[in-house]
Protein chains: 2
Amino acid sequence: MFDFTPTGIAAREAARALASTGSDKKNEALILTARELIAQKRSILEKNEEDVRAAEEKCVKSTLIDRLRLDEKRIEGIAEGVLKVADLPDPVGEVISGETRPNGLQIRKIRVPLGVVGIIYESRPNVTVDAAALCLKSGNAAVLRGGSDAIRTNVVLASVMRDCAEKAGLPRDSVILLADTTRDSANAMMRAHGFVDVLIPRGGAGLIRSCVENSTVPVIETGVGNCHIYVDRDTDPNMAVNIIDNAKTQRPGVCNACETVLVHRDVAENFLPMLKKRLDEHNVELRGCELTKKILGDCVVDATEEDWAAEYLDYILAVRVVDTIDDAIEHIGKYSTGHSECIVTDSVSAAEKFTSSIDSAAVYVNASTRFTDGFEFGLGAEIGISTSKLHARGPMGLRELTTVKYIVSGRGQIRR
Amino acid sequence: MFDFTPTGIAAREAARALASTGSDKKNEALILTARELIAQKRSILEKNEEDVRAAEEKCVKSTLIDRLRLDEKRIEGIAEGVLKVADLPDPVGEVISGETRPNGLQIRKIRVPLGVVGIIYESRPNVTVDAAALCLKSGNAAVLRGGSDAIRTNVVLASVMRDCAEKAGLPRDSVILLADTTRDSANAMMRAHGFVDVLIPRGGAGLIRSCVENSTVPVIETGVGNCHIYVDRDTDPNMAVNIIDNAKTQRPGVCNACETVLVHRDVAENFLPMLKKRLDEHNVELRGCELTKKILGDCVVDATEEDWAAEYLDYILAVRVVDTIDDAIEHIGKYSTGHSECIVTDSVSAAEKFTSSIDSAAVYVNASTRFTDGFEFGLGAEIGISTSKLHARGPMGLRELTTVKYIVSGRGQIRR
C-alpha cells in the first residue's frame, strides 16, 4: 500500500506558503523554469529517449508513443507555454465582491488558491510542466501522478521545476511528482481527502471513471467528449459540410472533435452525399443508421448502440437521420458527455431551442466544436476542459484553479 | 437494494423542463406553496404530531424532537421563508461574461441550473420546504431524502409542494421525496452519478463523512463547524468577552457557534478570569489546557485531544493559551473544519496575518462568528454553509445552486 501521508503533509505545507506568495516570486519561478528547460534540453531528451525505447520494447501503441516523445521543438514549445503562464494575470487576491452590511460589518469575498491540486494523467510529459505551471501561478501546490511510460522524463522535468521554485524562494514541494506510478499511488491520491483539495484527472474515459468511482477527494471530470453536430432543416449545406469536416478531421484525436452527426430528415437526401464526398478526402469511415445507409449505400457501416456512445478520437463518424430537432436534442441528451455540441441552422427559433435545451459545457450555433479550448476562449491557457457542472465547466484557466474566502471585518459586532 | 433509476429518470426529466421555465411560473409555484402550507396547517400538524409521538416512544433525544416538532408559528415561518425565496432575483439566465473573439465568434457565459440536486438531511421538516423552494427557484429538480422520524410530516409537505408545482404548470417531479428512509435509499442516491448533479448533505459530521466516503456524485460538504476565536495580545478585553459570549451562547447548537478559544499568553492571566465570569452566567463548561487550569483553577476540566477537534454544539468551550499568533494559526490549521474563525485584535499586522493565513470559508476580525449565514451575508436565503472549497464556499444562496454554460455563435467559423 502506497502511503500518501508524507506527500500530503509536504504538499499542504507548500500550499500554505504559496497561498501568501506574491506574483513576483511565482513568475520568477516560471521564468527560471522556462530558461532551465531550454538549458537542460539535452538531458531531458536523453531521459525521454530512454522512456521511448522502453515503451517501444513493451510494444506500446504508436499514437501513445507519439504523445510520449519529445524533441527540441516540443521542449521549446513547453518552455514557451510556461512563459505565457507567467505573463497571465494572477487571479489570487482579486476582490470578487464586497459590501458593508447594515450593522457595519465589512464583507469582502476574495479569490484564494484551492490549496493542493492533484493531477493524474497519462504518459504525456508536456502535461507535467503545463499543469504544474498553472497550479504554481494560481498559488496551488501540485501533486502529479503521471503515466509509468513517461516516468524518466517526468522525473527530470519535475526536478527542474522544483529547483527553479526553490531558487525563486518558493517551497521545493510546490511541485511534487509521485515516483510510484502503480495503481496504488493513484488510488492513494484519490482517497487523500484532507490532503488534496481537488483531483483533476486528464486522460481517457476509463481513467476519469475510475477517479469518479473511487475518489473521496472532489474530482473535476475533464476532457471526455462525445461531441455532436446537428444539421437542421434550414441550413446552408456548404457551411454544414465545412464545419463537420473541420470538427472531425482537423485533429481527430482530441476531446472537442465531432463524433456523431445528426441530420434532419428533410435535408438528408441532399446533404449526406455532399458530406460523404468531403469526408472521403480524409478517408473518414461512416457508421450510419438505416436511413443513412439507404441514402449513401453499403459503404456505410451499420451503427450500433455503442457507436452512438463512442468517443472515437479517430477518422470515424457516426451518422443518424432524425425526424425533428426534438429527436436530435433527445439523442444528444442520451449519449452526450456534456462537452460540446453544435447546431448548424439559419433558423433563429431552432438555434434558440437547441442552445437552451442542450445541457453541455459549450453549445455552438454555426461554428466548429473544435473551438472549445482555453486559448480559443481567451483564457490564455487551460488545465483541462471540465465536463463537470460543479465549480468549473468548459475550459479551465487560472481562475478555475482558485476558490474564495470571505473576510469579515468588524468593530465588535455580535449577533442579536 | 433500493433502485434509484425510476426516481433518477423522473427527476432528470423534471429538471430538463425546469431549466427552460421562466421565473413567473416558478414564483407562482412558490407563492401557491406558501398559501397551501397555511391552508393545510391542520393536517400538517396532525402528521407531525404522529411523527413526534413515534419519536418519543422510540426515546429520541429531546433536542432532536425539538427540531422535528412543528407548531402553527413554525409553519407560518416556513411559509414566509418560501415567499422570501419567491421574492429573490432568479439567477438563471444571467450573462456572466461575454466577448467577441478576433475570429468573430461570439461567446457568452450564462448561468443555468445545475439540474438535479440531492439533499440528504435529518429529521427537520423545515429543511424539506426550504431546500426544495431554493432548488425550484434556481431551476433545479430536488430529490429529498429526509430522516425517518419526520417521514409523515415530510410526505405531506412534499405533496403540498408537488401539487403547487403542478398547478403552476411545472412538472410534479420538480420535488421528489424518497419514501424509503433506510440507509439503502441514501446510499443509492450517493451512487446516482449521471442522475444527481450534486449532493448536499445537511446534518452532523457523521452524515457528511458518509457522503464523502461513499458518493460517486459530487458532494458539497456543509455545516460542520469547529469554529475558533483567537484573542490576540493587543486586544480590548471587553470586546473579546462580548464576541466570545455571543459566539458561544447566543445559539450554541448551530455550526457557526464558537467551540474553541485561543488566548495569547501575555493577556491570559488578565483575560481568562473576565471570560470565565461572563460565561458562568450561562453555565458554560470550560475545558482547558494546563495553563488555563493554572489561571482559572480546578473548575476547568482537562482538555484532551478530542476536545480540540470537537464540535460541541453545546454550552461547552475548549480554551487554550498560546505563545504566539503563529501557534494560534497552527492550532486552527490542525483542528478547524474550515468554517469560521475570528481574531480579536487591535493590531493591523496581526489581523492581516490571521486573515491571510487562515484557510476557512469565513475569517473574521473583531466580530462574532455567528454572522456566517446566508441572511447575514445578504444572500437572502441559504441552502447550507459550504466548508468545501470547490464550487461554493461559505453560505450558499441561489447562485450557488447554478452552473454555467458557454453559448458560442458563429457564421461558419472553423479552426485552422
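Me: Which residues does Ala142(B) touch, leaving aside those up to four places away in sequence?

Reply: In soluble globular proteins, nonpolar side chains tend to be buried together. In this predicted model, the contacts of Ala142(B) beyond four places in sequence are Val117(B), Ile119(B), Ala131(B), Ala132(B), Cys135(B), Leu136(B) and Val175(B). The largest nonpolar core has 258 residues, and Ala142(A) and Ala142(B) touch the most other members of that core.

Me: Which residues of helix H8 of chain B are buried, and against which elements do they pack?

Reply: An α-helix has 3.6 residues a turn, so residues three or four places apart point the same way. Helix H8 of chain B spans residues 183–190, and its buried residues are Ala186(B), Ala188(B), Met189(B) and Met190(B). The buried residues of H8(B) pack against strands E3 (116–121), E4 (141–145) and E6 (198–202) and against helix H9 (205–214), which belong to chain B.

Me: At what angle does H2(A) pack with H5(A), and which residues meet?

Reply: The angle between H2(A) and helix H5 (residues 72–87) of chain A is about 170 degrees, with the axes 9 Å apart. That makes the two helices, H2(A) and H5(A), roughly antiparallel. On the side of H2(A), the contact involves Asn27(A), Leu30(A), Ile31(A), Thr33(A), Ala34(A), Leu37(A) and Ile38(A); on the side of H5(A), the partners are Ile75(A), Glu76(A), Ile78(A), Ala79(A), Val82(A), Leu83(A), Val85(A) and Ala86(A). The residues of this contact divide into 12 nonpolar, two polar and one charged.

Me: Where is Gly139(A) placed, and is this residue buried or exposed?

Reply: Gly139(A) belongs to the loop between helix H6 (125–137) and strand E4 (141–145) of chain A. Gly139(A) counts as buried because 28 C-beta neighbours lie inside 10 Å. Leaving aside neighbours within four places in sequence, the contacts of Gly139(A) are Leu18(A), Ala19(A), Thr21(A), Val92(A) and Pro113(A).

Me: Where is Cys59(A) placed, and is Asn366(A) buried or exposed?

Reply: Cys59(A) is not a glycine, yet has a positive phi of about 60 degrees. Cys59(A) sits in the loop between helices H3 (41–57) and H4 (62–68) of chain A and is exposed, with 8 other C-beta atoms within 10 Å. Asn366(A), also not a glycine, has a positive phi of about 60 degrees. Asn366(A) is in strand E13 of chain A and counts as buried, with 23 C-beta neighbours inside 10 Å.

Me: How many residues does each chain give to the contact between A and B?

Reply: The size of an interface is often given as the accessible area lost when the parts come together. Here the account is by residue: chain A gives 54 residues and chain B gives 54 residues. Among the elements of chain A that give two or more residues are helix H9 (205–214) and strand E16 (402–413). E16(A) gives the most to this side, with 11 residues. The side of chain A that touches chain B has 22 nonpolar, 21 polar and 11 charged residues.

Technical notes:
Residues numbered from 1 in each chain as written. Chains lettered and ligands numbered in written order. Predicted model: local features only at pLDDT ≥ 70, side-chain atom pairs only at ≥ 80, totals over all residues. Core = buried A, V, L, I, M, F, W, Y, C linked by C-beta atoms within 7 Å. Buried ≥ 20, exposed ≤ 12 C-beta atoms within 10 Å, placed from the backbone. Contact = placed C-beta atoms within 7 Å. Helix = DSSP H or I, 4+ residues; strand = E, 2+ residues; numbered from the N terminus. Nonpolar A, V, L, I, M, F, W, Y, C, P; charged D, E, K, R; others polar. Axes fitted to C-alpha atoms, helices over the stretch in contact; angles between N-to-C directions. Parallel < 35°, antiparallel > 145°, perpendicular 65-115°, else oblique.
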